[in-house]
Amino acid sequence: MTGARRFFLGLDIGGTKLAAGVAGDDGRLLSREVIPARREDGPETMIERLVAMGRRVVDASGVAPSDIAATGVSCGGPLDIRTGIVREPTNLPGWIDVPLVARLTTDFADFLGGGPVYLENDANAAAMAEHRYGAGRGVRNLVYLTISTGIGGGVILDDRIVEGESGNAAEIGHMSLCHDGWACPCGSRGCLEAFASGTNIAQRAHDRIAAGEASSLTAFETEAITSREVAEAARAGDPLACAVWDETVTVLGAGVGSIINLFNPRLVILGGGVTAVGDQLIVPVRRIALERAFPSMAAEVDVVIAQLGADIGIVGAVAAAQARLEYSR
Ligand SMILES: [Zn+2]
């Protein structure tokens with residue numbers, strides 16, 4: 001042993017893309033690659049592609065394979081971080097009880113010299129990344145929320161991710177805010193995700209247009225109206241878009257207020273594609289959340305936008321590898 005290994009391989013398995021990169025302990029990527037997931041090919045072929053890409057990004061990074069301390073894998077849940085098994089993620093059809101960590105450990109054994117492989121829920125991995133390298137640096141207690149196609153979350157308490165029994169804790173998007181509310185893809189009702197995800201922001205605009213409300217959004221094909229078009233139309237003062245946006249920030253504000261009451265965090269970090277609009281989202285969500293939380297806890301918290309950008313999947317996997325290695329010591 002010539003010294004501690006200092007680099008990490010991050011692998012990100014998403015429904016639309018597979019990504020990989022290598023970083024040091026500051027989370028800065030030395031190499032990265034993104035390819036289409038082509039999930040219709042199934043887990044076997046996708047894992048083969050992921051392993052090949054992992055080797056390529058290590059080669060491209062200039063880091064010796066023997067200097068890779070650990071590999072992190074960020075993947076949608078449900079999964080089991082104790083056994084390294086991917087259970088049945090909603091975004092990966094056909095991935096049923098896949099022993100991913102065992103498989104990657106074997107496939108990388110001769111290349112990386114037996115460093116550990118850690119599986120992490122994608123939102124928890126992103127929370128670990130914002131905590132280590134992003135908006136949450138130096139903060140002991142924080143909650144991360146990603147608002148994109150769906151809504152995911154991760155909770156860091158006392159500088160450590162909250163795992164739950166199998167690593168699936170903090171499914172904040174599936175807090176049921178309304179017991180008899182709108183149906184959610186998870187099977188429950190009234191979930192935060194079922195109302196305020198990017199998908200649902202667009203859906204509520206579609207529903208109002210279909211019901212005959214006037215809007216500048218009718219200039220678009222229905223499929224072309226996403227949360228971004230709704231946000232833009234709201235900024236321009238379109239009444240329908242303003243109504244949808246006001247509902248969105250109110251529900252998100254109520255959800256974030258509940259999160260503050262639950263965890264007493266120093267920081268709530270909002271990431272994901274819907275937050276790209278910046279102040280249009282964060283300003284009203286912060287105001288409503290702080291109005292609704294206990295005043296003593298509201299006085300101690302801020303609500304901010306995430307700092308790490310589109311590579312959050314890879315950087316999250318790197319953060320998970322680094323964190324898990326530290327936890328295991
Ligand atoms: Zn749900």
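User: Which residues line the second largest pocket, and which elements give two or more residues to that lining?
Analyst: In this predicted model, the lining is made up of Ser-148, Thr-149, Gly-198, Thr-199, Thr-226, Ser-227, Arg-228, Trp-245, Gly-273, Val-274, Ala-276 and Val-277. As for elements that put in two or more residues, you're looking at α5 (198–210) and α6 (227–235).

User: How do the residues of that lining divide into nonpolar, polar and charged, and what volume does the second largest pocket have?
Analyst: Going by residue type, the lining has four nonpolar, seven polar and one charged. Its volume comes out at about 230 Å³.

User: Let's move to the metal. Which residues are the protein donors of the zinc ion, and how are they spaced in sequence?
Analyst: The zinc ion has His-174 (ND1), Cys-184 (SG), Cys-186 (SG) and Cys-191 (SG) as its protein donors, at 2.0 to 2.4 Å. Written as a sequence pattern, the spacing of these donor residues is H-x9-C-x1-C-x4-C.

User: What geometry does the zinc site have?
Analyst: Ideal angles for four tetrahedral donors are 109.5 degrees. To count as tetrahedral here, all angles have to lie between 85 and 135 degrees. The four donor atoms of the zinc ion give angles of 104 to 122°, so the site passes as tetrahedral.

User: Now the backbone. Which peptide bond is cis, and where is Pro-78?
Analyst: Most peptide bonds are trans. The one from Gly-77 to Pro-78 is cis, with omega near 0°. Pro-78 itself is in the loop between β4 (68–75) and β5 (79–80).

User: Where does Ala-170 lie, what is its phi, and is it buried or exposed?
Analyst: Ala-170 lies in the loop between β10 (160–161) and α4 (193–196). Its phi is positive, near 70°, though the residue isn't a glycine. At 19% relative accessibility, Ala-170 falls under the 20% cut-off, so it's buried.

Key:
Residues are numbered from 1 along each chain as its sequence is written. This is a predicted model: local features need pLDDT of at least 70, side-chain atom pairs count only at pLDDT 80 or more; totals for chains, interfaces and linings use all residues. Side-chain values use heavy atoms; hydrogens and water are left out. On a 1 Å grid over the protein atoms alone, a cavity is a set of points where a 1.4 Å probe fits but cannot get out, and a pocket is an open set with protein on both sides within 12 Å along at least five of seven lines; lining residues have an atom within 4 Å of a point. Grid points are joined across faces, edges and corners, and a volume is the space filled by probe spheres set on the points. Helices (H or I, at least four residues) and strands (E, at least two) are DSSP runs, numbered from the N terminus. Ala, Val, Leu, Ile, Met, Phe, Trp, Tyr, Cys and Pro count as nonpolar, Asp, Glu, Lys and Arg as charged, and the others, Gly among them, as polar. Donors are N, O and S atoms within 2.8 Å of the metal (3.2 Å for Na, K and Ca); water is not among the atoms, so sites may look incomplete. Four donors count as tetrahedral if all angles lie between 85 and 135 degrees; four count as square planar and six as octahedral if opposite donors are over 155 degrees apart and all others between 65 and 115; anything else is irregular. Buried means under 20% relative accessible area, exposed over 50%, partly exposed in between (1.4 Å probe, protein chains only).
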